[in-house]
Amino acid sequence: MIPNSPIRADRIAADIDALAAITEPGRPWTRRAFTPMFLEGRKWLEQAMREAGAVTGVDAAGNLVGTIPGRRPELGTIMLGSHSDTVPDGGRFDGIAGVVVALEVARALRDQGVVLEHNLEVVDFLAEEVSIFGVSCIGSRGMSGTRPTEWLARESDGLTLEQGLLQVGGDARLPAQRDDIKAFLELHIEQGPVLQDEQRDVGVVTAIAGITRIEIIVEGRADHAGTTPMGSRQDALTTAAWIALGVEELGKALASGAAHFAATVGEFEMSPNAANVVPARVRMLIDARAELRADMERFVDELDKGVVAIAEKTGVAVSEPRIVSDNPPTPCDAGLLDVLDAACETAGARHRRMASGAGHDTAWMARITKAAMIFVPCKDGRSHSADEFATNEDIALGAAVLLDAVRALDTKLQETR
């Protein structure tokens, strides 16, 4: 146990182990949303919520919600949670830690005999990871009213998303957006090495980075690799390599500032892709992530200029970079960040503020309520992998921070009505 806290690390560990055991045969920690294993995991979670004193149900957006009524329900709801679905062959802690910690906070309050003034809800969001339908954050987008209507017609093995929602207990025909949630908090493993490297216990997340994806097409000319003189080639790969190096250089320059920035050439397709043919065409997809919108705008502007300069230098045609998708950054609520900082001090957690380079359900909940999140360390920053690991002690300390934050918010939110 954590000194002076009712949070129990042993209960957290038992919960994570129980969910880890619910997995596809031969594929550790695989419970993709809408699959039988996912539904089995949900059944376990629902029972655990009930044992914690919650009234459970699945909302119209397909989210599993456990509600512990407050003394004054008219004040609204404080919500905690994350997601229980995983990526294939990974995800023992990703999302799961946040759901289990929310459950443990509810149990700790019960053990203390504390009933909040606000309703407390524990949520397992549907399909935060990329689902069988090729889209993610289905549940939190539904709850925030931002799920695109056209998604409902997406199919996987003859099943539409609309039908899939019905199978998990949701219903796209019913309203899902909430207006009673006064604050949302999410705990998550960092999925990076910063906290471990700096020997910090908790990261207080300032913002969820915006994600922009940019496509570039390089059109060269296919020629015989053995007979075409080096000076006479229009090699698409060589030009694409210059662009990839430019992306890295520009990304490092922007990352040298105080705010988070990262850029990656994540997809790369070359044709005709034959050993004896000069490459004729390359398609590149860049994934860029920025805490500050101004940094993303600078990246796009400098990329446009750089591509033109490289094309002029190599004499190979390059398309104008095309933005495929563009999601702006989501700042976390400043007031909640102060509450979390204070909770870290109360719990004795060494902490720092930091941005999230990955997307989370918090980004969608911030559309309808005050929202924030905390990170706990994960070993070597590994995630989306069978090697993903976080200690029970680190997760339990994060739970103690959330517990203190919830109790503070229960008072603070009444004062700011």
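Visitor: In which strand does serine 356 lie?

Guide: This is a predicted model. Serine 356 belongs to strand 15, which covers residues 351–356.

Visitor: Is serine 356 buried or exposed?

Guide: Serine 356 has a relative accessibility of 0% and therefore counts as buried. Its side chain reaches the backbone oxygen of alanine 358 at 2.7 Å. Leaving out residues up to four places away in sequence, serine 356 touches Val205, Ala207, Ile208, Ala209 and Phe375.

Visitor: What does the side chain of asparagine 119 reach?

Guide: The side chain of asparagine 119 reaches the backbone nitrogen of glycine 70, at 2.8 Å. Asparagine 119 is placed in strand 4, residues 119–125, and at 13% relative accessibility counts as buried. With residues up to four places away in sequence not counted, asparagine 119 touches Ile68, Pro69, Gly70, Pro73, Gly76, Thr77 and Ile78. As for distance along the chain, asparagine 119 and arginine 200 are 81 residues apart in sequence, and their C-alpha atoms are 32 Å apart in space.

Visitor: Where is glycine 53 found, and which residues does it touch?

Guide: Glycine 53 is found in the loop between helix 2 (36–51) and strand 1 (55–58). With a relative accessible area of 46%, glycine 53 is partly exposed. Glycine 53 touches Thr67 and Ile68, again not counting residues up to four places away in sequence. Valine 100 is 47 residues from glycine 53 in sequence, with a C-alpha to C-alpha separation of 15 Å.

Visitor: Let us turn to aromatic rings. How many aromatic pairs does the structure hold?

Guide: A pair of aromatic rings is described by two quantities, the distance of the centres and the angle of the planes. The structure holds four aromatic pairs. In one of them, phenylalanine 93 and phenylalanine 389 are edge-to-face, at 5.7 Å centre to centre and with 85 degrees between the planes.

Visitor: Which parts does the pair of phenylalanine 93 and phenylalanine 389 tie together?

Guide: Phenylalanine 93 lies in the loop between strand 3 (77–83) and helix 3 (96–112), and phenylalanine 389 in the loop between strand 16 (370–376) and helix 11 (392–415), so the pair ties together parts that are 296 residues apart in sequence. Phenylalanine 93 is buried at 2% relative accessibility, whereas phenylalanine 389 is partly exposed, with a relative accessible area of 39%.

Visitor: Why is the pair of phenylalanine 261 and phenylalanine 299 called tilted?

Guide: The ring centres of phenylalanine 261 and phenylalanine 299 are 5.4 Å apart and the planes stand at 50 degrees, so the pair is tilted. An angle over 60 degrees would count as edge-to-face, and one under 30 as stacked. Phenylalanine 261 lies in strand 10 (residues 261–271) and phenylalanine 299 in helix 8 (residues 293–314), so the pair links parts 38 residues apart in sequence. Phenylalanine 261 is buried, with a relative accessible area of 5%; phenylalanine 299 is also buried, at 0%. Beyond its neighbours within four places in sequence, phenylalanine 299 is in contact with Ile214, Val247, Leu250, Leu254, Phe261, Ala263, Ile286 and Ala288.

Visitor: Which residue lies over the face of tryptophan 242?

Guide: Lysine 313 lies there, at 3.8 Å from the ring centre of tryptophan 242.

Visitor: Which residues touch the most other members of the largest nonpolar core?

Guide: In soluble globular proteins, nonpolar side chains tend to be buried together. Here the largest nonpolar core has 69 residues, of which Ile7, Leu120, Leu185, Leu340, Ile395 and Val401 touch the most other members. Helix 11 gives the most to this core, with 12 residues. Isoleucine 395 touches Ile12, Ile16, Phe93, Ala97, Val101, Leu187, Val376 and Ala390, when residues up to four places away in sequence are not counted. Apart from this core lies another, of 24 residues, among them Ile216, Ala236, Val247 and Val318.

Visitor: Finally, how many disulfides are there?

Guide: The count is zero. For cysteine 137, the nearest cysteine sulfur is that of cysteine 332, 14 Å away. The sulfur of cysteine 332 is 13 Å from the closest cysteine sulfur, in cysteine 344, which is too far for a bond. Cysteine 137 counts as buried at 6% relative accessibility, and cysteine 332 is buried, with a relative accessible area of 9%.

Methods
Residues numbered from 1 in each chain as written. Predicted model: local features only at pLDDT ≥ 70, side-chain atom pairs only at ≥ 80, totals over all residues. Heavy atoms only, no water. Phe/Tyr/Trp six-rings, centres within 6.5 Å; stacked < 30°, edge-to-face > 60°. Helix = DSSP H or I, 4+ residues; strand = E, 2+ residues; numbered from the N terminus. Buried < 20%, exposed > 50% of the residue type's maximum accessible area, 1.4 Å probe, protein only. Lys NZ or Arg CZ within 6 Å of the ring centre and 35° of its normal. Disulfide = S-S within 2.5 Å. Core = buried A, V, L, I, M, F, W, Y, C linked by side-chain atoms within 4.5 Å. Contact = heavy atoms within 4.5 Å. Polar contact = N/O pair within 3.5 Å; in protein donor to acceptor, adjacent residues only side chain to side chain.
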